Amino acid sequence: MTVLTAGRTENIAGHPSALMRVAGLSKRYDDQQALADVSFDVPSNEIVGLIGPNGAGKTTLLEAIAGLIPVDSGGVLWRDSTLPVEHRRDSIFFLPDGIRPWQEQHVLHVIEFFAAVYHRPNSVLADTIRLLGLSSVLRKRVDALSKGFCRRLMLALALLTPHSLLLMDEPFDGFDLRQTHEIMNVLRDVALGGRTLVLAIHQLIDAERICNRFVLLADGRVRGNGTLGELRRRTGLVGAGLEDLFLALT
Amino acid sequence: MRSPDTASFRRVPVRPLLAKELREVLNGRALWTMLILLCPLVGYSFFQATSLYGEASAAARDSPAMASGLSPLDGILVPTFGAFYLAVTLLFPFVAIRVLGREKETAALSLLVQLPYRAATLIAAKMAAIAIAWLIALIPALSTLALWEAIGGHLSAPETINLIGGHLLYGLLIGAIALFSAAISESAATAAIITLSFTIGSWVIDFALAGQPGVLGLLSSLSLTQTLRTFEQGLLSTGLVVGLAAAILGFCVLAAIWLHPGVPVRAKLARSLACTGGMAALLVVATQIRLSADLAEDRRNSFPAADQRELAKLNEPLVVTVHLAPEDPRYADLRRNVLAKLERVMPRVNIRLAGGGQTIVGSSTEQSYGEIEYSYSGRSAKSRSTSHREALPVLYELAGRPPPTPIVGEDYPGYPLVAEAQIALPWFFAALPLSIVLAWWWMSRPPPVPISLAQDGGTT
């Protein structure tokens with residue numbers, strides 16, 4: 001499906017290094033250390049879960065990676081090259097949580113705006129709308145959308161971008177169980193289409209269902225990083241779920 | 001080092017951004033509310049101005065001398081557009097602030113700054129939307145011009161366009177200040193307070209410091225309210241236009257500097273300092289530009305045509321030493337009637353205020369106080385008159401030239417008109433507001449959905 005394909009071809013064969021490497025990001029708000037020397041790798045075409053309780057620093061970390069907040073130290077490498085803050089938006093797109101943008105505009109106009117900016121053809125636009133079930137609300141204003149439809153709209157905007165790496169903050173917030181499963185399928189297809197996802201999720205069950213790799217975050221520090229198998233080996237908890245691993249590591 | 005994946009973002013269409021910004025303005029309530037409020041405000045000002053103009057015209061019907069004093073610029077345009085100025089000062093900031101303020105409040109800005117546009121492009125698009133909003137807000141004021149013509153009134157195109165141009169620059173300046181305020185504020189309310197502190201603060205400065213000597217006088221000249229006065233006198237001053245353009249550009253650049261949330265505050269402050277320095281330098285350059293055009297039909301900013309031609313031939317430096325305190329009303333008269341006109345027509349004029357710190361209280365008892373000394377071609381002469389009728393013969397004598405013969409038939413005839421503007425009341429209090437409400441409704445209609453996008457599938 002065209003909508004799920006990244007704007008540029010990712011050729012990961014022969015590139016064992018990470019698509020993106022977060023290197024020593026630190027951020028302090030007054031007397032609170034929001035991020036402390038956060039480092040991890042994001043391999044291509046994977047779904048990486050940024051896991052942590054509320055206040056762990058997930059949103060701050062995503063904003064810092066996207067270059068939307070200044071950091072005290074550290075940086076981001078893209079295929080082993082430094083990715084300056086002013087060029088982050090060229091490679092990374094960040095979808096914030098809980099925002100309702102351009103509320104007085106109609107849904108169709110907002111979607112068409114993103115499609116036009118990124119030169120997305122009508123077929124891609126139609127596929128995105130169909131995929132996220134937005135046809136019925138295209139004539140509605142954004143401020144008249146339910147929380148679930150607003151979240152779908154936001155996902156549609158993210159899918160319309162051509163970036164090979166998408167950062168999403170709480171992408172399942174606002175969905176019921178059935179809808180969460182459907183959106184998970186959509187995101188899996190996105191990853192299969194050649195894009196890499198970093199999802200900040202506080203629901204461990206959701207994260208375990210969709211993510212290939214996990215970065216466990218608590219108090220602004222990385223407490224664990226790897227696939228479920230790698231985390232199990234590190235903790236010695238054979239057959240443990242993400243919940244047990246998280247409790248063991250944080 | 002640049003990301004390997006950046007090449008595909010180089011060519012970004014600006015039209016969708018402009019359309020989005022325009023929708024943002026047109027879909028909100030602020031512009032339409034302002035328009036509806038403008039109708040009675042401008043309409044009643046026009047009605048009052050026409051009534052007063054009619055009364056003065058009735059008195060001048062049999063007197064050509066009195067009739068020549070009746071100019072539609074002063075009698076109709078300036079008071080009517082004065083109401084528009086009031087609305088632009090107090091209401092337009094709310095329209096302009098929401099262009100950026102809403103995006104900051106709803107965090108949509110975090111999406112916007114990730115789009116492949118430069119901050120300058122984003123601000124330029126927002127300014128374009130603000131300019132279009134200003135043009136829409138101009139509709140009630142423009143309709144007064146149509147009504148004035150319809151009831152037989154006279155309009156001079158150059159002075160009318162000049163006045164509207166001045167209001168446009170003023171509106172854009174307010175818009176740029178509002179954008180800058182929105183860029184540095186977290187909420188629209190704070191941005192409104194900052195913008196109004198500029199505009200209302202200008203009124204206070206203008207009221208309290210106008211005519212004061214020294215730094216206070218310089219401060220009062222920076223007041224926003226001063227900007228329109230030149231245009232209201234039918235003068236197109238290049239220096240003023242350049243100064244206003246520099247200020248608009250400066251505030252836009254400041255807004256662009258403060259737009260991106262990812263830039264550290266220290267870096268923003270350093271860039272702002274550099275921008276403010278550049279803006280100040282441009283403003284200083286603007287004050288040195290003397291080029292201007294008198295677009296008033298009655299040529300109030302120029303000497304009579306024969307004198308203009310003769311004075312333009314005086315190429316040697318003229319030094320005028322004025323023994324008056326800057327706050328003395330006679331100095332204001334002299335400035336308006338003689339000095340400003342001399343500066344415009346003669347290539348080399350140097351005006352000096354004798355004793356820069358003079359005040360009326362301290363100096364009015366001095367014998368030389370009130371003297372104006374003209375020095376030209378190695379000779380000098382003194383006068384105490386603030387009228388060109390006495391000053392120009394002194395100049396001609398210094399230059400050794402005879403006064404020119406006045407050109408017959410060049411006098412401004414004046415345009416008296418005794419007319420009732422009753423038609424304005426139903427237009428401004430009913431028809432126009434109703435049309436605006438209809439336009440508002442029409443603009444907020446849901447867009448038609450193309451068939452290709454109307455069919456659902458996938459998730460429900």
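**Figure 1. The two domains of chain B in the predicted model.** The centres of domain 1 and domain 2 of chain B, taken over C-alpha atoms, lie 35 Å apart. Domain 1 covers 14-296 + 432-439 and domain 2 covers 315-399, with bounds that come from an automatic or database domain assignment. This is a predicted model, in which local features need pLDDT of at least 70 and side-chain atom pairs count only at pLDDT 80 or more, while totals for chains, interfaces and linings use all residues. Residues are numbered from 1 along each chain as its sequence is written, and chains are lettered from A and ligands numbered from 1 in the order in which they are written. The C-alpha trace of chain B spans about 95 × 60 × 40 Å along its principal axes, and its secondary structure comes to 20 helices and 6 strands (DSSP runs numbered from the N terminus, helices being H or I of at least four residues and strands E of at least two).

**Figure 2. The open sheet of chain B.** Four strands form this open sheet in the order E4-E3-E5-E6, with mixed pairing, where two strands pair if DSSP finds at least two bridges between them. Strand E4 (349-353) and strand E6 (379-383) of chain B are the edge strands, each pairing on one side only, and the twist averages 15 degrees from one strand to the next. Strand E3 (residues 318-322) of chain B pairs with E4(B) in the parallel sense over 5 bridges, and Thr321(B) has Arg352(B) in E4(B) as its bridge partner.

**Figure 3. Helices beside the sheet of chain B.** Helix H16 (residues 329-345) of chain B packs on the sheet, where it touches E3, E4 and strand E5 (372-376) of chain B, and its direction makes about 175 degrees with that of E3(B). Helix H18 (residues 388-399) of chain B lies across E5 and E6 of chain B and runs at about 165 degrees to E6(B). Such angles run from 0 to 180 degrees between N-to-C directions, and the axes are lines fitted to C-alpha atoms, for helices over the stretch in contact.

**Figure 4. The side of chain A that touches chain B.** The contact takes 49 residues from chain A and 40 residues from chain B, two residues being in contact if their C-beta atoms, placed from the backbone, lie within 7 Å. The largest share of the side of chain A, 6 residues, comes from H4(A). The residues on this side divide into 24 nonpolar, 16 polar and 9 charged.

Figure 5. In helix H9 (residues 242-249) of chain A, the residues Leu242(A), Leu245(A) and Phe246(A) are buried (20 or more other C-beta atoms, placed from the backbone, within 10 Å of the residue's own; exposed means 12 or fewer, and partly exposed lies in between). They lie on the same side of H9(A) because they cover an arc of only 100 degrees around the axis, the arc being that of the directions from the helix axis to the C-beta atoms. The buried residues of H9(A) pack against several elements of chain A, among them helix H7 (204-210) and strand E9 (213-218).

**Figure 6. Two loop residues of chain A with positive phi.** Most residues other than glycine have a negative phi. Trp102(A), in the loop between E6 and H3 of chain A, has phi near 45 degrees, and it counts as buried, with 24 C-beta neighbours inside 10 Å. His119(A), in the loop between H3 and H4 of chain A, has phi near 55 degrees and is partly exposed, with 14 other C-beta atoms within 10 Å.

How values were computed:
Ala, Val, Leu, Ile, Met, Phe, Trp, Tyr, Cys and Pro count as nonpolar, Asp, Glu, Lys and Arg as charged, and the others, Gly among them, as polar.
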